[in-house]
Amino acid sequence: MIVEIGHYALILAFGLALVQASAPLIGAQKNNAVLMDMGRMAAMAQFLFVALAFAALTHAFVVSDFSVAIVVANSHSAKPWLYKLTGVWGNHEGSMVLWVFILSLFGACVGTFGTNLPPTLRARVLAVQGMIGVGFLLFILTTSNPFLRLDPVPADGRGLNPILQDPGLAFHPPFLYLGYVGFSVAFSFAIAALIEGRVDAAWARWVRPWTLAAWCALTLGVALGSWWAYYELGWGGFWFWDPVENASVMPWLAGTALLHSAIVVEKRNALKSWTILLAVLTFVLSLLGTFIVRSGVLTSVHSFANDPERGLFILVLLMIAAGGGFGLYALRAHKLKSEGLFAPISREGGLVLNNLLLGAACATVFIGTLYPLLLDVLDGGKVSVGPPFFNLTFAPLMAPLVAVMGVGPMLAWKRGDLASALSRLWIAAVIAAVGGIAILFIHGGPVYAVIGIALSLWLIAGAITELATRIRLFKISVTASARRLRNLPLSAIGMTIAHGAVGIMILGITASSAWKIERILVMNKGDQVTVAGYTIKMGGVNNVPGPNYLAQRATLTVTRSERPVTTMFPEKRRFKNPVQTTTEAAIYTTGFADLYIALGDQQVPKAGSTAKAGWVVRVYYNPLVPWIWIGAIFMMLGGLVSLADRRHRVGAPTRAAS
Amino acid sequence: MSATLDQNPQKKRRPPLTAKRRRLYLLIAAAIILGLSVTLILNAFRDSLVFFYTPSDIVGATKKPVPQDRMIRIGGLVEEGSVKKTKNAGVSFAITDLSNRIDVRYQGILPDLFREGQGVVTQGKFGPDQGGNKMFIAHEVLAKHDETYMPKEVSDAIKKSGKWQEGGKRATPKVSK
């Protein structure tokens with residue numbers, strides 16, 4: 001019964017989305033307040049019904065209702081409750097319901113909190129949101145019905161892919177979707193502005209917090225995914241430049257560019273049509289990401305069973321959004337006149353450079369990701385574009401970006417003075433140079449590591465210098481500085497945190513790529529190996545039962561200069577439903593480095609073979625690797641601090657204008 | 001802030017900041033970055049594209065030339081009964097598209113879903129000739145996160161060799177996920 005209610009609610013939501021997509025659009029054209037208001041009502045009602053459908057689906061998973069097809073395919077009665085819950089979005093149908101749920105939530109938010117928006121703009125934004133809702137609800141109802149019943153009802157489910165039964169991945173999709181779908185709001189605002197033919201500072205004040213919130217969620221989502229890959233896949237790496245990973249990083253890069261160009265629209269009334277274009281592009285890339293993951297057109301190590309027909313549907317949605325968005329842009333963008341002029345050397349100039357470099361970096365990722373598909377379609381053979389391609393293209397474009405990031409915030413709006421900005425950054429320059437030279441002497445390279453370390457130190461020191469300059473640290477008394485710090489807008493503090501966090505992340509990426517140590521060996525009880533000063537001694541492998549798996553657990557004691565450090569327990573887990581093995585790496589972290597041990601297969605050589613009997617063990621020493629995720633978390637925190645700024649608060653744009 | 005700058009007498013000595021001039025600067029910056037990206041991409045493509053081959057592409061009747069000293073990928077199914085453990089955590093196995101087979105050697109931990117009869121993609125180079133029998137030295141072995149999923153290259157390879165059985169064991173029914 002509850003399942004049918006859920007299905008029915010989804011169909012009603014589709015009807016309401018149709019109303020939301022049409023009524024306010026007509027209302028805004030004819031200036032009819034009743035029709036415009038219908039959009040707001042429809043958005044709210046649509047949210048309620050999608051929430052009801054989502055709750056019904058969640059209920060089916062939590063109580064293990066095996067009459068529902070996707071519960072059977074993705075759940076099992078013996079599964080821990082957390083993974084029963086996260087099983088809701090651990091499959092295609094459920095994840096699309098989550099997508100629409102977030103979309104309708106945002107639509108309802110615009111309807112509820114957008115009371116101070118010009119009524120026609122709000123109506124048009126809601127209409128565009130409604131159109132996206134129509135597309136995705138139709139997609140769910142026609143190709144991926146989550147409420148499909150089974151008859152006869154099986155006794156138990158087939159279980160969730162064990163690799164997904166993990167806290168890191170449980171919350172990866174919701175945050176990723178919050179980001180993707182959050183950019184739909186920026187898209188809707190952009191389309192509405194194109195229809196209105198008007199973009200002003202008030203528009204940017206609305207778009208910025210939405211973009212910022214979406215960006216924060218996406219940052220966390222991508223970081224969670226990378227963290228999961230690091231500890232769950234047992235390869236000791238954090239990023240593989242795989243198509244599915246690239247699919248999430250492309251909207252992130254475009255969204256980061258959008259975040260910065262929207263500042264210029266808000267503060268200086270310039271870069272309007274560029275910002276609109278970025279808003280459209282960011283959401284189109286979010287849809288592209290969904291398409292890549294859901295269609296399986298690209299070979300990815302992260303591919304889960306997928307369906308090309310569904311991929312085609314998303315491709316059509318993508319074409320409509322891209323074609324409609326870019327087409328409208330081509331027709332109407334000339335109406336958006338930018339007023340604020342600025343010199344090349346200025347804060348705006350720095351932000352333009354930021355946008356150009358982020359755009360170029362995004363384009364290289366796009367080309368590297370889709371080139372194999374293009375070549376395959378043209379029958380040019382099957383190729384794969386691996387990490388070397390991205391390392392050779394992405395990194396060289398990021399280097400100048402980081403260099404500019406240090407100076408940009410020090411420049412004045414409109415016309416900046418590069419010489420004086422650089423002279424204030426002399427300490428940062430000295431720190432960067434000393435750091436780089438020290439690395440060259442201690443490690444002797446590689447060159448990219450020297451550059452990476454120097455640039456990240458430059459960025460961190462630059463961010464601190466910028467804050468110190470703002471509060472006139474050591475120029476005036478400490479208490480006066482503290483007072484200035486308290487009075488600083490939160491958005492400025494958020495920027496300092498986020499920029500510094502990028503530096504922390506680059507330190508982590510550079511050090512762990514350059515000085516990682518990897519040892520693969522066969523170990524028996526009593527064998528020991530020394531990696532980076534840590535002596536690891538094998539204490540044997542035992543069988544340990546888990547809630548829905550049987551684990552083979554190795555016990556390894558770690559000592560350093562004869563002193564005990566820790567005991568590590570890497571596992572291989574054999575799940576019964578479905579039958580699958582997963583690797584649970586053991587990680588010992590000091591905060592500055594990770595000791596990472598993964599357990600492989602047991603070696604039992606045949607008679608006469610020279611192979612050694614024992615367990616295959618993979619030991620990694622990854623310097624500074626935790627800083628990658630610490631950096632990502634601080635980046636997100638910087639975004640949140642900035643979001644908390646009174647002037648950014650959703651619903652408070654009028655107060656900010658005064 | 002901007003008001004004080006506007007009154008700055010220095011401003012008059014510089015060329016006037018027209019929209020045209022601003023657009024010129026922007027175009028120059030964009031052109032430089034575009035040129036840089038294109039150079040980087042072309043350069044990276046020359047060195048780091050990895051081509052995919054099926055066993056039949058390498059030893060079959062429809063043999064294609066295989067570049068030496070370059071990473072390539074070979075994909076297919078892990079032949080039943082071919083997996084052997086060798087010295088120092090090494091493993092050897094054969095990749096088959098059910099018409100032809102290639103011997104592969106690999107040093108390292110295999111992915112969790114590596115199994116005989118399952119689809120696999122390996123990346124590496126051919127080792128030196130050993131009496132006419134070339135051994136493929138894999139640097140990477142890729143299997144999927146999902147046991148019901150077969151890499152597209154692998155299913156295409158088997159279809160190409162004419163041994164694909166629709167709905168049979170090779171085409172594991174796709175679970176709606």
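In which sense do strand 4 (residues 90-96) of chain B and strand 5 of chain B pair, and over how many bridges?

Tutor: Keep in mind that this is a predicted model. Strand 4 of chain B and strand 5 of chain B run antiparallel to each other, and 7 bridges hold the pairing. One bridge can be picked out by its residues: Val91(B) has Tyr106(B) in strand 5 of chain B as its partner. The two strands make a hairpin, with 4 residues between them. Look at Leu98(B) in that turn: its phi is positive, at about 75°.

Now stay with strand 5 of chain B, which covers residues 101-107. It has two faces. Ile102(B), Val104(B) and Tyr106(B) make up the covered face. Arg101(B), Asp103(B), Arg105(B) and Gln107(B) make up the uncovered one. Tyr106(B), the partner of Val91(B), therefore belongs to the covered face by the burial count.

Strand 5 of chain B has another partner to look at. It pairs with strand 7 (residues 136-142) of chain B, in the parallel sense, over 3 bridges. Here Val104(B) stands opposite Phe136(B) in strand 7 of chain B. Val104(B) is also one of the residues on the covered face.

Read from the N terminus, the order is α-α-α-β-α-β-β-β-β-β-β-α. Chain B has 177 residues, and 33% of them count as buried. Take its contacts with a separation of 6 or more: 51% of them come from residues 24 or more positions apart.

Next, follow chain B across to chain A. Leu40(B) lies in helix 3 (residues 19-48) of chain B. Leu40(B) touches Thr364(A), Leu392(A), Thr393(A) and Pro396(A), leaving aside residues up to four places away in sequence.

Chain A has 21 helices and 11 strands. Of its 658 residues, 55% count as buried. Among its contacts between residues at least 6 apart in sequence, 74% join residues at least 24 apart. Its C-alpha atoms fill a box of roughly 85 × 75 × 55 Å along the principal axes. Its radius of gyration is 27 Å; a compact globule with 658 residues would have one near 26 Å, so the two agree.

Helix 8 (residues 172-196) has 25 residues and should span 36 Å at 1.5 Å a residue; its end C-alpha atoms are 37 Å apart, which agrees. Helix 8 of chain A is mostly covered, with 23 of its 25 residues buried. Just after it comes Gly197(A), with a positive phi of about 75°.

Finish with a sheet in chain A. It is open, and its 4 strands follow the order 2-11-10-9 with antiparallel pairing. Strand 2 (517-523) and strand 9 (586-589) of chain A are the edges, each pairing on one side only. From one strand to the next, the twist averages 15°. Strand 2 of chain A is joined to strand 11 (residues 614-623) of chain A by 7 bridges. There, Met523(A) stands opposite Trp615(A) in strand 11 of chain A.

Terms used:
Residues numbered from 1 in each chain as written. Chains lettered and ligands numbered in written order. Predicted model: local features only at pLDDT ≥ 70, side-chain atom pairs only at ≥ 80, totals over all residues. Contact = placed C-beta atoms within 7 Å. Buried ≥ 20, exposed ≤ 12 C-beta atoms within 10 Å, placed from the backbone. Expected span 1.5 Å × (residues − 1). Pairing = 2+ DSSP bridges. Axes fitted to C-alpha atoms, helices over the stretch in contact; angles between N-to-C directions. Rg over C-alpha atoms; globule rule 2.2 N^0.38 Å.
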